[in-house]
Each structure stands twice: as structure tokens, then as C-alpha cells.
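Me: Here is a model I would like to go through with you. Please keep the answers brisk.

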Amino acid sequence: MKILYLITKSEIGGAQTHVVQLANFFVNNNHEVAVMSLPGGWLENEVKIMGAKFYPNIYFSNNFNPIRFVRAIKTIKNLIKEFKPDIVVCHSTAAGFIGRVAVRNKISTVYTAHGWSFEKGTPFWRKLPAMAAEKYAARFCKKIICVSNYTRSVGIKYKIAGRQKFTVIYNGVEKSEVRGSADDRTVKIIFVGRLSKQKDPELLIKAVGSLPQDLIKQIEITIIGSGPKAGLLNNLAGQNKNLLVKIVDNVPRDKAIDMLKNSDIFVLSTNWEGLPYSVLEAMSAGLPVVASDVGGISEAVDSSCGFLVKRGDAERLREALVILITDKNLRKQMGENAQRIASSKFSLNKMLVETENLYKTII
């Protein structure tokens, strides 16, 4: 089987991690794999290391430009003539739209929806065009893989395609070694995510900053990520000199996983999601999770392994953190439950096998 993956960006992220997992699996099972994206990032390096083919498309962009759009389509068509794939699999909004319009299902095409570009938090002026674009592009694929039941329900609600076109395959993660913080005097809270409008790490800083001083002195916050909010977060942290906040960017994925393993609590305060890898990786590392109740997160996190809080609710986030910070045994119990759920419901092997079976059915 010759598989072509299209994805907009090559930077570290959930969708890119997903593509790397799939590409590596199919390469190791003697299939021929090619990946096309913007060049110069983590994904490109990983693809080359595994022995798959990487093709740059310098015209991919999240901002619509007619000239770039036409050139991106032409670049895809040229690659298809050269590579001759049996199946084209599109990821992310821009490459997902451009790829489907370019191929027009003349080759079996799948689109993986990691979330929808018109979900909550999207400005109204972008929402309607995004919905129209998704409905149009949905004509040109045989299946839409949704990473959560929530993502599927949104696609059906807004009539992006008929029910039969959607299928749910959860993101998958490998089981991690559980270690936990070596310092019993400090509770290490970790946040992982791009520091952009979608995420809300400032809510975490505000919630912890409002705790009593005796608790604040026990806490260390690590925020892994980069983006436009980095300056804001540094300013917020600086307003409370007793609060220890480390903001770390450009962290290799394996180091980020290692940092999860050496933490005590994972927090993802966010505005909208599909089913974030960061939550699943934290659960696999044996961490209790405190997360915003958005997207498909509730399909992974329940009361046995963490707390779900209303988006933007600093008080409820604060309450959940106090419970976990002051009860080490509860943290351990929830962490064990989190790892059990991750290894059964969200196993990497399960995701890979289900995806392979789907590809075979549509070729």
C-alpha cells in the first residue's frame, strides 16, 4: 500500500504526532509512505529518520490566498503523479481542504478531523466560511475519521456530511513508565500546549496565585510550549514573586514526556479541543488530570482519574488543585486509574490497527 499524508505544518503538535505514529507503523509494516507539509520542522525530521519520504509544500497556509491556494494544489498534483499513492490521508484544516479539493477523491481519500475550525471560540466572521468549506470538501473523501465522539457529533450537527461518512478512532498513546516527582516537599504541576488563543494557561497561573501562601510555597508550575502568550504568562508570573513558574519552549517530544513522568498533576486549561494528545500522554504517565470540560476531553477524563472544570472557571480549577495538592494518596490513586484508562481505551496499537483496517476497506 502506498500512503500519502498531507498536513499543513511540520511543527510539534497533536496532529503531527498522530501522523508520525501512523507513518512509522506503516513503514515498519513494509508499506510505502510519503508525507507532505510545510518544511523545516519536527515532523520533517521524524519522517526522514523513519525512512519515509518527505515532500515540502511551501504554499500550505492557514490564511487563504488565491495564488498560494492554486500553487499548493498544483504541488499536490505533481506529487501524486510522481508517487502514485493508493490512498491520500489529509490532516489539519488547511491541508485537509486543499488536499481534498486537489485530489477530488479520484484516489481514495480520508480526512482526519482533529477538531473543527468552526468550533466554540472561533470568531463569527470565520465560522460560516469555515463550515461552508468543510461541507464542500467533505464531498471529496470516502471517510472522515474523528478523534472523539464529540468531534463526530459536531460534524453531524452542522451537517458537514452524512452520518455514514463519519467514523471514530481515538488517538492512541504508548504506555509510559510512572515515576512522579522525587521531591516530596514540592508538588509539580505541568501544562503542555501551544501558548495561543486556543489554550488558557493564564487561568492556571491565576488559580494557583490565589491560593494561600503556605500552599503556593509547595508548588512548582512548568508550562511547556511556545506562542504569542509567552510574554503575558511571564508578566503574570512576575506579579506573584512567591509563585514559581517555569516556561519552557522548544522542548523535544521525548523530553516533554520525561518531564510529564517527573510531575505530580497535569493541567490543561483550554478553550476548545478535539481530543488532545497532551491529556492522553499525561494519563499514560500516571498523572491525575485537571482539564477544561471542552471537546472530547470528557471521553478520557472522569472522576476516577481527575477533575473537569467549566471553561474559564478559575474558582473551580483552584478547588480541584487544592484537593490534589493536599492529598498525595488521591493523586496516586487517580494517576493509577488514569494510566489504566489510557492503556486500554487509548492504546496506540488499538488506534493503529483500527486505522489500518479502515484504509483497507476503502482502497
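**Sheet, helices and a buried threonine**

Reply: Met36 stands opposite Tyr55 in S3. This is a predicted model, where local features need pLDDT of at least 70, side-chain atom pairs count only at pLDDT 80 or more, and totals for chains, interfaces and linings use all residues. Residues are numbered from 1 along each chain as its sequence is written, and side-chain values use heavy atoms, with hydrogens and water left out.

Me: In what order do the seven strands of the open sheet run?

Reply: Strands are DSSP runs of E, at least two residues, and helices are runs of H or I, at least four, numbered from the N terminus. Two strands pair if DSSP finds at least two bridges between them. The pairing here is parallel, and the order is S3-S2-S1-S4-S5-S6-S7.

Me: Which are the edge strands?

Reply: An edge strand pairs on one side only.

Me: Is strand S4 enclosed or open, and how many of its residues are buried?

Reply: Buried means under 20% relative accessible area, exposed over 50%, and partly exposed in between, with a 1.4 Å probe and protein chains only. Ile87, Val89 and His91 are buried on one side of S4, and Val88 and Cys90 on the other. S4 is largely enclosed by the rest of the structure, because the buried count is five of the five residues.

Me: Which residue in S4 is the bridge partner of Ile3?

Reply: S1 and S4 pair in the parallel sense over five bridges. S4 is also joined to strand S5 (residues 108-113) by five bridges, with Ser108 opposite Ile87. The bridge partner of Ile3 is Ile87.

Me: Are H1 and H2 roughly parallel or antiparallel?

Reply: Axes are lines fitted to C-alpha atoms, for helices over the stretch in contact, and angles run from 0 to 180 degrees between N-to-C directions. Helix H1 (residues 14-28) and helix H2 (residues 42-50) pack at about 10°, with axes 10 Å apart. Angles under 35 degrees count as roughly parallel, over 145 as roughly antiparallel, 65 to 115 as roughly perpendicular and the rest as oblique. H1 and H2 are therefore roughly parallel.

Me: Which backbone oxygen does the side chain of Thr270 reach?

Reply: Thr270 lies in the loop between strand S11 (265-268) and helix H11 (277-284). Thr270 counts as buried because its relative accessibility is 1%. At 3.3 Å, its side chain reaches the backbone oxygen of Gln198.

Conventions
A polar contact is a pair of N or O atoms within 3.5 Å; within protein, one must be able to donate a hydrogen and the other to accept it, and residues adjacent in sequence count only if both atoms are side-chain atoms.
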